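Welcome! Please take a moment to look over the sequence and the 3D view before reading on.

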Amino acid sequence: MTKTDTPAGIATTDEITLDELQLAARNHGMPLEGLRYDVTPVGLHYLLIHFDIPECDADSWTLDIGGLVDEPLTLSLADIKARPAVTRRVTMECAGNGRARLLPRPLSQPWLSEAVGTAEWTGTPLAPILAEAAPKVEAVDVVFEGADHGIQGGIEQDYERALSVADASREEVMLVYEVNGGPLPPQHGYPLRLVVPGWYGMTSVKWLRKVTFVGERFDGYQMQAYRLRTDADDPGEAVSRIQPRALMIPPGFPEFFSRTRHIDAGPTRLEGRAWSGWGTITGVEVSTDGGRNWRVAALEQSADEVAWASWIFDWDAIPGEYTLLCRASDSSGRAQPLEQPWNHAGLSNNAAQQVQISVR
């Protein structure tokens, strides 16, 4: 491993740097065997914290809503909890999931394919609160500010992301104070966070304390960081909704270091999950021969369209070495590629998963 002081950029060696290792130690993915749970236990749900977990006091916490509005609001956590509550099962994925597999490798959190989870989030819809603030007609974007503070790209900042007024006002967008039936833990945004179903996780701002209507497109650092660029100077395209993806529950048992799977010959059930932020999953295909031939898996949709679907595929495994693949397609016509197009920040990756397996 090597040490680098590069705040962002492209790795010059195949070795994981100490800075990347430090990020990986702070942030964790969901072990892929966690795909067996319809609802991911909170401790298994993937986690990405840009700066530090801030110290927050629920009793004194307030959410300020202002900017281009006629009726500014300051809401306590009790005020928010007194509003109509909804619980929604939502699959959330990090926009950088799969980054570590790109060559050359963009320097950042070195995700493989495990930066995902599905939780039951409880809170209140955001849209009625935004409407109460009576935004002015010239309002264009809604900026969400978290309490986490730090330096990224050489810029000292509070974590801020924005949505258009229309996107922020969608009925499924929530102010959340519980997950899986209990209070938000500190690392998941206690005492209040935003959840934006269907969008990559960077949009669901944690430790939410301020909402501001502005009259132009917000282009703060965290908006510029999440763009598909060919190089550092390319203005790129904004990353928003989650691309379709299928993942397989690892079959059999693993070799410790390589994670190569081992099973006995005979009837074998392969199963997993699939999701997309662009629409419902319409199909999952499985290949047991490295991608040369594909067959259709059986699919079972979730009761909540913003949560992952389940799939199963029965395989008569004979002795040998195999590369298993799975890929999903959705109602928007999008489908997973076999290889991931490269981009400068390593974002929005959804190349088909490959699982190495030895049948004995």
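## Overall form

Keep in mind from the start that this is a predicted model. The secondary structure of the protein comprises 5 helices and 24 strands. Computed along the principal axes in the computed sense, the C-alpha trace spans about 70 × 45 × 35 Å.

How does the radius of gyration agree with that of a compact globule? For 360 residues, such a globule would have a value near 21 Å, and the protein has 21 Å, so the two agree. As for burial, 50% of the 360 residues count as buried.

## The sheet of six strands

Let us begin with an open sheet of 6 strands, whose order is E16-E17-E24-E23-E19-E20 and whose pairing is mixed. At its edges stand strand E16 (253-254) and strand E20 (295-296). Each of these has a single partner strand, so one side of each is left without a neighbour in the sheet.

Strand E17 (residues 261-263) runs parallel to E24, and 3 bridges join them; here Arg261 has Ile357 in E24 as its bridge partner. Strand E24 (residues 353-359) is also joined to E23, this time antiparallel and by 7 bridges, with Glu321 partnered by Ser358 in E24. On from there, strand E23 (residues 320-330) and strand E19 (residues 281-287) run antiparallel and share 6 bridges. A pair to look for here is Val284 with its bridge partner Ala328 in E23.

## The sheet of four strands

Another open sheet has 4 strands in the order E15-E18-E22-E21, with antiparallel pairing. Strand E15 (245-248) and strand E21 (298-300) are its edge strands, each pairing on one side only. On average, neighbouring strands of this sheet are turned by 25 degrees against each other, direction ignored.

Which strand is joined to E18 by 9 bridges? The partner is strand E22 (residues 309-317), which runs antiparallel to strand E18 (residues 266-275). To find a point along this pairing, look for Gly272, which stands opposite Trp311 in E22.

## The cavity

How many cavities of 30 Å³ or more does the structure hold? There is 1, and the largest cavity has a volume of about 220 Å³. Its lining is made up of 19 residues, with Leu48, Gly201, Met202, Ser204 and Lys206 lying nearest the centre. Sorted by class, the lining of the largest cavity has 11 nonpolar, 5 polar and 3 charged residues.

## Two loop residues

Gly201, one of the residues nearest the cavity centre, sits in the loop between strand E11 (193-195) and strand E12 (208-214). Is Gly201 buried or exposed? Its relative accessibility is 12%, so Gly201 counts as buried; the cut-off for buried is under 20%. Gly201 and Arg241 are 40 residues apart in sequence, and their C-alpha atoms are 9.4 Å apart in space.

Pro54 also has its place in a loop, between helix H1 (18-26) and strand E2 (62-67). With a relative accessible area of 18%, Pro54 is buried. Some 3D context comes from Gln187: Pro54 and Gln187 are 133 residues apart in sequence, while the C-alpha to C-alpha distance is 8.9 Å.

Note on methods: Residues numbered from 1 in each chain as written. Predicted model: local features only at pLDDT ≥ 70, side-chain atom pairs only at ≥ 80, totals over all residues. Heavy atoms only, no water. Pairing = 2+ DSSP bridges. Axes fitted to C-alpha atoms, helices over the stretch in contact; angles between N-to-C directions. 1 Å grid on protein atoms, 1.4 Å probe; cavity = no way out; pocket = protein on both sides within 12 Å on 5 of 7 lines; lining within 4 Å. Points joined across faces, edges and corners; volume = space filled by probe spheres on them. Nonpolar A, V, L, I, M, F, W, Y, C, P; charged D, E, K, R; others polar. Rg over C-alpha atoms; globule rule 2.2 N^0.38 Å. Buried < 20%, exposed > 50% of the residue type's maximum accessible area, 1.4 Å probe, protein only.
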